[in-house]
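My entries follow the structure.

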Amino acid sequence: DGRIWVAWIDKRDLKIARESGREYAGAAVYYAYSQNRGESWQGDFKLADHSCECCRIAFAVNTEGRVLAMWRHVFAGPERDHAAAVLDIARPPTIERATFDGWRVDACPHHGPGLAVTRDGVRHAVWFNQVRGQGRVFYGQLSSNGPAHVLELPPGASHAEIAAEGDVVGIAWKRFDGANVRLESWVSQDAGMTFASGPTLRTQGDSDQPRLVSDGRELVIVWRREEGVAVQRLLPAAAPALAEPPPQSPLRPFERDTLAHIERSHAGEAFWLVLWDMECTYCLKSLQNFAQAQRERPALKVVTVATDSISSAEALRKRLAQIGVVSEAYAFVDGPPEPIRFAIDPAWMGEKPRAYQYGPNGERESISGVISVEQLRGVRSQARLTR
């Protein structure tokens, strides 16, 4: 419709505060807009005081055609998390907190967020924060209660970009593997419910940050490198990028040898293995506590195993999504449960909720009963060491 919005980091208020001897954290975010394709401008409006001084501002357009902004904000503490607001000509913006990682630091992270909206109106974001002393890039779906469906990008990922077209969500980032700078990517064709690996590009020369561009039909990766600009479809040309994906459950079948596979795939990592079923109210309470803890600590890794049959996968998936826990999810295969229970733990007699807290060295603790939020915040349980 000819409207153009711009926003920028501005230090005029910091300068005024210093001249008057007042403390002022960070900088500020200002914005302006044009309604005639840039021929004239209105604005120089202040959006927020106390933004981060160095991190880029992310823009996206929602399903109503309104512009969303997301930026790194200096909250009390000081905590350098993220804030978001809808920019509207008719009314002043309302600022809301977008992430809750609680990174307390007086420093310049040099990593701004990314923001995109799918056709169902869901706001998808990527951001960098330090959690438990480790800097990581995260993906999540923004809500008033904090990000949901939070995923960690691979260790070493930096300067992530996100874009959406229809139900397709693309994420791209840079990562150094010890020899090459790699551009890696994820792609979802079900509005962020599941992701698969996308294209990978490499360079040994200088390179810019990755960009994802939409032409209204598909998403394209654009990466400026020393050897030239690389342009790569996020999905293969033959793939129906905007078609509805076939209904698939992300739950996987859990058999007698599945736990060994899980332990190998998570070797060197701390994680929780949680056993539950649909009719166990204590199980649901325990999962709710995991969901709350993940909102506080997105890096918390959880593997859920439903003792219900895999034939109920869709109902199980919906229940996990309703609770909000982010997990690698499994359900028992059909057949007698005793051999599977024995493969998990010969000492487990089937009581639920049942959980195993794995350490990075592969040792685990077994816990029967509801797992509290306090335990998930790092309090060591007194459960018996089983491995």
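**Entry 1: the largest pocket**

I sorted the lining of the largest pocket by class and found 23 nonpolar, 10 polar and eight charged residues. Here Ala, Val, Leu, Ile, Met, Phe, Trp, Tyr, Cys and Pro count as nonpolar, Asp, Glu, Lys and Arg as charged, and the others, Gly among them, as polar. The model is predicted: local features need pLDDT of at least 70 and side-chain atom pairs 80 or more, while totals for chains, interfaces and linings use all residues. Residues are numbered from 1 along each chain as its sequence is written, and side-chain values use heavy atoms, without hydrogens and water.

I noted a volume of about 1,400 Å³ for the largest pocket. V150, L151, V326, S327 and E328 are the closest to its centre among the 41 lining residues. Elements that give two or more residues to this lining include β10 (134–142), α2 (258–265) and α4 (313–323). The largest share, four residues, comes from β11.

**Entry 2: the cysteines**

I then looked for disulfides, taken as pairs of cysteine sulfur atoms within 2.5 Å, and the count came to zero. For C54, the nearest cysteine sulfur is that of C52, 3.9 Å away. For C55, the nearest is also that of C52, at 3.7 Å.

Which of the accessibility classes does C55 fall into, buried or exposed? I recorded C55 as buried, with a relative accessible area of 3%, and C54 as partly exposed, at 25%. Buried means under 20% relative accessible area, exposed over 50%, and partly exposed in between (1.4 Å probe, protein chains only).

Conventions:
1 Å grid on protein atoms, 1.4 Å probe; cavity = no way out; pocket = protein on both sides within 12 Å on 5 of 7 lines; lining within 4 Å. Points joined across faces, edges and corners; volume = space filled by probe spheres on them.
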